[in-house]
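I opened a notebook for this one and wrote down what I looked up, entry by entry. Come along and check each note against the picture.

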Amino acid sequence: MTLVGSARRHPSAILLVVQLLGVLVYPVMEGSRGGRVAFEILGIVVLTLAVFSVRSTPGLTWVSVCLGIPAVILSLVDVFWPTEAIVPISNALHAAFYFYAAYSLLRYMLGDHDVSSDELYATGATFTLVAWGFAYLFVFVQALVPGSFTAAVNPTQDRNWMELLFLSFTTLSSTGLSDIVPITSWGRSVVMIEQLAGLGYVAMVVSRLVGLTVAKRT
């Protein structure tokens, strides 16, 4: 009951932990059908937790469900019956779901002038949701415009999920450490938008929460 109670009080913390664990286990899942199935199962867990988090925010749960369920179904179909036409649709739905969940958590954090512990966890969870959303958007762009991203290793091949997720995290955090490079106009456009989103997130959201926390303590 204590664990369940903690999960209900801090859904953003559970979401953040699962997403960070996903970053660590995704490399193990690459390269096999079994790994892809495990990848989709983990994705279902993350989507479920995201919906649960949205229920605690001003976001509309039915919007998350309507975006998340078709995305999961199409992903599973792509694992067992791969079809090129499914890839852009599935990733577009995934991106829309993660962006909507991030928007809902933003409304949750900015809705008042009190900073709860769950809102602090939501700061990290929202960042990872946006990073995941842009990673799916990169896959969507790559499916529509092959060769949008290149790298030092196998430069002519499509970039895999982990590479594009790495690009998304480095772009959103403005660290500039990624060896994945956008080389088409569409790829560069999406990367520029994510760079702007990362700067805006730190400037408007993180700084506000830090300021409110300091003001409360003083």
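**Entry 1: helix α2**

I began with burial in α2, where P11, S12, A13, L15, L16, V18, Q19, G22, Y26 and M29 are buried. By buried I mean under 20% relative accessible area, with exposed over 50% and partly exposed in between (1.4 Å probe, protein chains only). Helices (H or I, at least four residues) and strands (E, at least two) are DSSP runs, numbered from the N terminus.

Next I checked the span of α2, which holds 19 residues, 11-29. At 1.5 Å a residue it should span 27 Å, and its end C-alpha atoms are 26 Å apart, so the two agree. The expected span is 1.5 Å times one less than the number of residues.

I also looked for a bend, and α2 has one of about 40° at V23. A proline, P27, follows within four residues. The bend at a residue is the angle between axes fitted to the seven residues ending there and the seven starting there.

**Entry 2: what I am looking at**

A note to myself: this is a predicted model, in which local features need pLDDT of at least 70 and side-chain atom pairs count only at pLDDT 80 or more, while totals for chains, interfaces and linings use all residues. Residues are numbered from 1 along each chain as its sequence is written, and side-chain values use heavy atoms, with hydrogens and water left out.

I then stepped back to the whole chain, which has eight helices and two strands. From the N terminus on, I read the order as α-α-α-α-α-α-β-α-β-α. Of the 218 residues, 44% are buried. Among contacts with a separation of 6 or more, 73% come from residues 24 or more positions apart. Contact here means heavy atoms within 4.5 Å.

**Entry 3: the largest pocket**

Which residues lie nearest the centre of the largest pocket? I found R36, D78, V87, N91 and V139, out of 27 lining residues. The elements that give two or more residues to this lining are α2, α3 (33-55), α4 (61-80), α5 (86-110), α6 (117-144) and α7 (161-172). The space in the largest pocket comes to about 820 Å³.

For the record, the search uses a 1 Å grid over the protein atoms alone: a pocket is an open set of points where a 1.4 Å probe fits, with protein on both sides within 12 Å along at least five of seven lines, and lining residues have an atom within 4 Å of a point. Grid points are joined across faces, edges and corners, and a volume is the space filled by probe spheres set on the points.

I sorted the lining by class and got 11 nonpolar, nine polar and seven charged residues. Ala, Val, Leu, Ile, Met, Phe, Trp, Tyr, Cys and Pro count as nonpolar, Asp, Glu, Lys and Arg as charged, and the others, Gly among them, as polar.

V139 counts as buried because its relative accessibility is 15%. It touches V87, N91, W161 and L164, not counting residues up to four places away in sequence. The C-alpha atoms of V139 and N91 are separated by 6.6 Å, although the two are 48 residues apart along the chain.

**Entry 4: the second largest pocket**

The second largest pocket has a volume of about 200 Å³. Its lining has 13 residues, and L106, V130, A197, G200 and Y201 lie nearest the centre. α5, α6 and α8 (185-217) each supply at least two lining residues, and the largest share, five residues, comes from α8. By class I noted 11 nonpolar, two polar and no charged residues.

**Entry 5: H94**

Is H94 buried or exposed? It is buried, since its relative accessible area is 4%. H94 sits in helix α5 and touches L47, A71, V72, S75 and Y136, leaving aside residues up to four places away in sequence.

**Entry 6: two positive phi values**

Most residues other than glycine have a negative phi. I found N154 with phi near 50°, in the loop between β1 (149-150) and α7. I also found S174 with phi near 60°, in the loop between α7 and β2 (181-182). N154 is partly exposed at 42% relative accessibility, and S174 is partly exposed at 44%.
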